[in-house]
Amino acid sequence: MNTAENWNDDDQIERSDHKIEADKLAKLAAFASKLADKRKEAKDGRRSSGIEALWQEDDDYYAGVDAFNRGELTLLKPATVNGIITSADKNSGGTRSTVFVNITQPYVDMASARVSDLLLPTDDKPFHIKPTPVPEISKHTDNQELLADGQSTVGDAAKAFIAEMTDKADKAETQIWDWLVESRWHGEMRKVIEQSARIGTSILKGPYPVKRKKRTMKKADDGMMDLVIEEELKPASKMIDVWNFYPDPSCGDNIHNGRYIFERGDISARQLRDLKGIGYIDSEIDAIIKEGPDRRNAENNKHDIVKDNEMFEIWYYTGMADYDDLLSTGCECEEGDTIPVTVVLVNDRVIKASVSILDSGEFPYDVMRWQYRTDSWAGTGVARQVRTAQNMVNAAARNLMDNAGVSAGPQIIMRDGVVYPADGDWTLSPLKIWRVDADADIQKVQDAITSIIIPTMQVELQNIIKMALEFAERATSMPLLLQGQQGASTQTVGGMQILQANASTVLRRVAKIDDDDVIEPHVIRYYEWLMIYGEDDSMKGDYSIEALGSTAFYERDAQAQMIMQMLPMANDPEFRLSKERLMTEVLKSNKISPERVRMTDEEWQELQQKMQQNQPVLPQIEAAKIRVEGDMKKAQLVQQSDMAEIQAKNEAMKSEFALKLHMNEEQMAHEMEIEQLRYNIKLMELSQAQNISLDSIKASLAGQTMSLTTQKELAYASLNHNGKADQVVTPKLEVPGRAPDGEAYQL
């Protein structure tokens, strides 16, 4: 074959390749046109449903804007998601008050804050995974029939199987929760709750694939530790602004009943360039960048350079697509009639198409509705619930301000030609001089000029505002008292509990909606991801998802007071209550993580060893020991004082006796007689006072002296073999706790 023939063959091959490429681009453009038609259908359907007007009004009222005060703003919010911020003339020309007393925002914020506080604790999961029960195995757990090995029974094997499945379910639950935490589950759900409270509808997307960096330390060949950064593909969740969400208009009250869903976003030119070479259609990206945002350059026939920070509108299509259409995108799809796919469009050009990441083909979107709306996938929020009350407050407040303006000064009424200002200026001012026409036919000046005060009607209008606030409380089931503001409070604890229960009815309903519409389907898709892409087989199994977390969180918060009352009951073993679990619930109800305050295993083992070495002493015994030690010290002090006194008296007697030795016998006898006489007189006086005989007094004194002496000696010297002293004197009153009945003071 000569050279000319080779050129002809190469030219034919090149023309053939160009034709194939042209056909492919034509099919790709046709596919993009189909998707653009569906997108228009979705956008027109959402707009015609009227839901966008309601969302805009709810957003405006949350910001304190309505039709009467919109002109007072220097900057106006766009009416559509693609609109721009515009300026407005502040001089509306009206004379009526346009004050907006915003009660919508505090009610929305309080509702979302309370729900977030209840449904998003940091110490627990909002779902539970457990193995699907197998009746054929569960019914054999008590079977004592021996297996072939002759050692284990059928019941043992059934229990082992159930334990293994439970362990797998626990591992799967932990793995899914780790994925959710990595994608900032609490922060994204908080955004979902806030938008749902404001306009009634919010969207949570997931799982969708993202690349996350994993940092690990590895030992190099030279023995040094190196930081290794690896990228892993993991599932994630995020909140989608409802303004960027367009479901199939024919979906009814459930978006999953529709054929497709469109999601809108923004992407810069730089981000578009970064997509080249990673599975996207590079030629289409180049054409998009050349066109510019919204085909600006293509329409104006210009080819200027697009700046990196200029934003393009990017659309994500999730739904079914024909196999023939997908071939033009380079998608590696299995042959079939229709395939669940995700397609990315920019400037009405397809830049990527891929098969759905889930085998089920379910939409990775969940809608949270604050309150259901009949035959609509969107809901009603708190801003709409208080709309009537907000309008009443605004109307009353504006009338109050109008009346205040009118009543700020008196209305002057004068007869023409009778009264005129001395300076010729009819403007009212202090110390102004007025004159009366001399020819005027009046008797009094008051007959020519008078003033009228317009009433403010403040009390009546304030009552209307108060009534409107009561309507707002009833509409939202959120009394001001539970919002941290001063309100009418009940007088009893029981009444307060009833108020709390009734006021939280709406919150309980929101918790159930969150369970049914968001948590359960969302976690089920994560479970499907785990089954498809999970590398650890020890986590895979037949599980069932229970979205009990949200409802349980609310009930736990509502039952916090009851849990506190149950703590003392745990001391009674007949109740079979766990102190540890009760205390865990108490900590959780008070927003304290039990893991932060719980002992570690090492600390618990150390404490148990100390408790075994030092057996605890009962409080009653310890108190008795303290009392005995105190009484003993007191008795010792008394004894020491008595001994010192006796010794002092003995010394005094010795000194006195020594002095008297120098006296003569007569003086001594005389003094002894005098002392004896004084003694007898004292006894007689005592006898007359108490009407008893001298002998009885002497006998009583002698007996008491002997008894006390004997008891004292026994207390310190006459202990029996039990270490107890025999009681000689029975006191009139024995102090409890000092000694058992019939026994003396014990050492």
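In the predicted model, 33% of the 747 residues of the chain count as buried. The secondary structure comprises 23 helices and 16 strands, and the accessible surface of the chain comes to about 46,900 Å², of which carbon and sulfur atoms account for 53%. When contacts between residues at least 6 apart in sequence are considered, 66% of them join residues at least 24 apart.

Nonpolar side chains were examined next. In soluble globular proteins, nonpolar side chains tend to be buried together. The largest nonpolar core of the model holds 52 residues, and the members that touch the most others are Phe127, Ile176, Trp185, Met189 and Trp370. Two or more residues are given to this core by each of helix H3 (104-119), helix H5 (154-182), helix H6 (185-199), H11, H12, helix H13 (458-476), helix H15 (505-533) and strand S16 (543-546). Of these elements, H15 gives the most, with ten residues. The surroundings of isoleucine 176 illustrate the packing: with neighbours within four places in sequence left aside, isoleucine 176 is in contact with Phe127, Ile129, Val523, Tyr526 and Tyr527.

Aromatic rings were then considered in pairs. A pair of aromatic rings is described by the distance of the centres and the angle of the planes. The count for the model comes to 15 aromatic pairs. One of these is formed by tyrosine 527 and tyrosine 543, whose rings are tilted, with 5.8 Å from centre to centre and 55° between the planes. Because tyrosine 527 belongs to helix H15 and tyrosine 543 to strand S16, this pair ties together parts that are 16 residues apart in sequence. Tyrosine 527 and tyrosine 543 are both buried. Elsewhere, ring pairs link Trp55, Trp243, Phe245, Tyr365 and Trp377 into a cluster. Charged side chains also lie over aromatic faces: arginine 198 is placed over the face of tyrosine 62, at 5.7 Å from the ring centre, while lysine 432 is placed over the face of tryptophan 434, at 6.0 Å from the ring centre.

Salt bridges in the model number 32. One of them joins the side chains of aspartate 44 and lysine 40, with a distance of 2.8 Å from N to O. Both of these residues lie in helix H1 (residues 3-48), where they are four residues apart, about one turn of the helix. With a relative accessible area of 31%, aspartate 44 is partly exposed, whereas lysine 40, with a relative accessible area of 51%, is exposed.

Another group of salt bridges involves aspartate 58. The side chain of aspartate 58 meets that of arginine 384 in a salt bridge of 3.0 Å, N to O. This pair links distant parts of the chain, since aspartate 58 lies in helix H2 (residues 51-63) and arginine 384 in helix H11 (residues 382-385), 326 residues apart. The relative accessible area of aspartate 58 is 2%, and this residue is therefore buried, given that the term applies to values under 20%. The side chain of aspartate 58 also meets that of arginine 387 in a salt bridge, at 2.8 Å from N to O. Because aspartate 58 lies in helix H2 and arginine 387 in helix H12 (residues 387-407), this second pair ties together parts that are 329 residues apart in sequence. Arginine 387, like aspartate 58, is buried. Together with Glu57, the residues Asp58, Arg384 and Arg387 are linked in a network of salt bridges.

Aspartate 253 lies in the loop between strand S6 (245-247) and strand S7 (260-268), and is partly exposed, with a relative accessible area of 42%. Although aspartate 253 and glycine 379 are 126 residues apart in sequence, their C-alpha atoms are 9.5 Å apart in space. Once neighbours within four places in sequence are left aside, the contacts of aspartate 253 are with Arg369, Asp375, Ser376 and Trp377. Of these contact partners, Trp377 is also one of the residues in the cluster linked by ring pairs.

Methods
Residues are numbered from 1 along each chain as its sequence is written. This is a predicted model: local features need pLDDT of at least 70, side-chain atom pairs count only at pLDDT 80 or more; totals for chains, interfaces and linings use all residues. Side-chain values use heavy atoms; hydrogens and water are left out. A salt bridge is a side-chain nitrogen of Lys or Arg within 4 Å of a carboxyl oxygen of Asp or Glu. Buried means under 20% relative accessible area, exposed over 50%, partly exposed in between (1.4 Å probe, protein chains only). A nonpolar core is a set of buried Ala, Val, Leu, Ile, Met, Phe, Trp, Tyr and Cys residues joined through side-chain atoms within 4.5 Å. Contact means heavy atoms within 4.5 Å. Rings of Phe, Tyr and Trp (its six-membered ring) pair if their centres lie within 6.5 Å; planes under 30 degrees apart count as stacked, over 60 as edge-to-face and the rest as tilted. A charge sits over a ring if NZ of Lys or CZ of Arg is within 6 Å of the ring centre and within 35 degrees of the ring normal. Accessible areas come from the Shrake-Rupley method with a 1.4 Å probe; for residues, only the protein chains shown count as cover.
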